[in-house]
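Me: I am new to this one and would like to learn how to read it. Could we go through it together?

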Amino acid sequence: MADHPSIVILTGAGVSAESGIATFRGPGGLWEGHRVEDVCTPEALARDPALVHRFYDLRRAALDGVQPNAAHRALARLDAAWPGELLLVTQNVDDLHERAGSTRLLHMHGKLRSALCARCGARAAWAGALPPGTACAACEAVALRPDIVFFGEMPYGIDAIEAALARADLFVSIGTSGAVYPAAGFVRTARHHGAATLELNLDPSDGSIWFDESRMGPAGVLVPAWVDELLSRAQA
Ligand SMILES: [Zn+2]
């Protein structure tokens, strides 16, 4: 029986940027005069829920106008064709990976099109606006919030991600700055367990020195080429 390498892929804002998703990062990363770091916190949600909900309502509404790009489609093609273990971990809160067809997918920072009950933990698929004061269908508490990991909160699925990294033969980071922990540390965890490491990014990232190989360019070009290469090698 053929032995197929186990793969963990991490994607970040650089993958969605080519679909036109705003990142609010870097210089001038303001939304209506607020620093995004001041809007996306549990403290802001408690202090000014209308502001925080409106920020996510607008981002959720913006998903209607965007489409998956060649990088999302290539990763979905790999997911469908790869006979070995594969986990796609995304820091993105849009739904472009699932719209492209990826299924072995973990949203470590949550999802715009999901609501979370702060009381009972129930989740509901969500489209349209989520006004403060919306009741949970499961427990009836008026406690629904965006199902997003705010600054200062624990990312989702860390145990599953760490376990997958420990088994990985190949770790690939795509379109991430390498500056936001814990995701920025995944490459070192994978290396520690013996995985080969590859970075596909527009520019060298803060973590470039940790990768065996770095390829620089747009995700829409680099990712389809890498997927073709991997699949043709697996079939050889
Ligand atoms: Zn509830």
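Me: Leaving aside its neighbours within four places in sequence, which residues is C136 in contact with?

Reply: Contact means heavy atoms within 4.5 Å. By that rule C136 is in contact with C117, C120, A122, A141 and L144, leaving aside neighbours within four places in sequence. Please keep in mind that this is a predicted model, where local features need pLDDT of at least 70, side-chain atom pairs count only at pLDDT 80 or more, and totals for chains, interfaces and linings use all residues. Residues are numbered from 1 along each chain as its sequence is written, and side-chain values use heavy atoms, with hydrogens and water left out.

Me: Where does UniProt place the feature "binding site" that includes C136?

Reply: UniProt positions are given in the numbering used here, feature names are shortened, and annotations may be inferred rather than shown by experiment. An unreviewed UniProt entry places this one at C117, C120, C136 and C139. They span 23 residues in sequence, yet no two of their C-alpha atoms are more than 8.6 Å apart, so they gather at one spot.

Me: Is C136 buried or exposed?

Reply: Buried means under 20% relative accessible area, exposed over 50%, and partly exposed in between (1.4 Å probe, protein chains only). C136 has 4%, so C136 is buried. C117, at 2%, also counts as buried.

Me: Where is C117 found?

Reply: Strands (E, at least two residues) and helices (H or I, at least four) are DSSP runs, numbered from the N terminus. C117 is found in strand β6, residues 110–117, while C136 has its place in the loop between β7 (123–125) and β8 (144–148).
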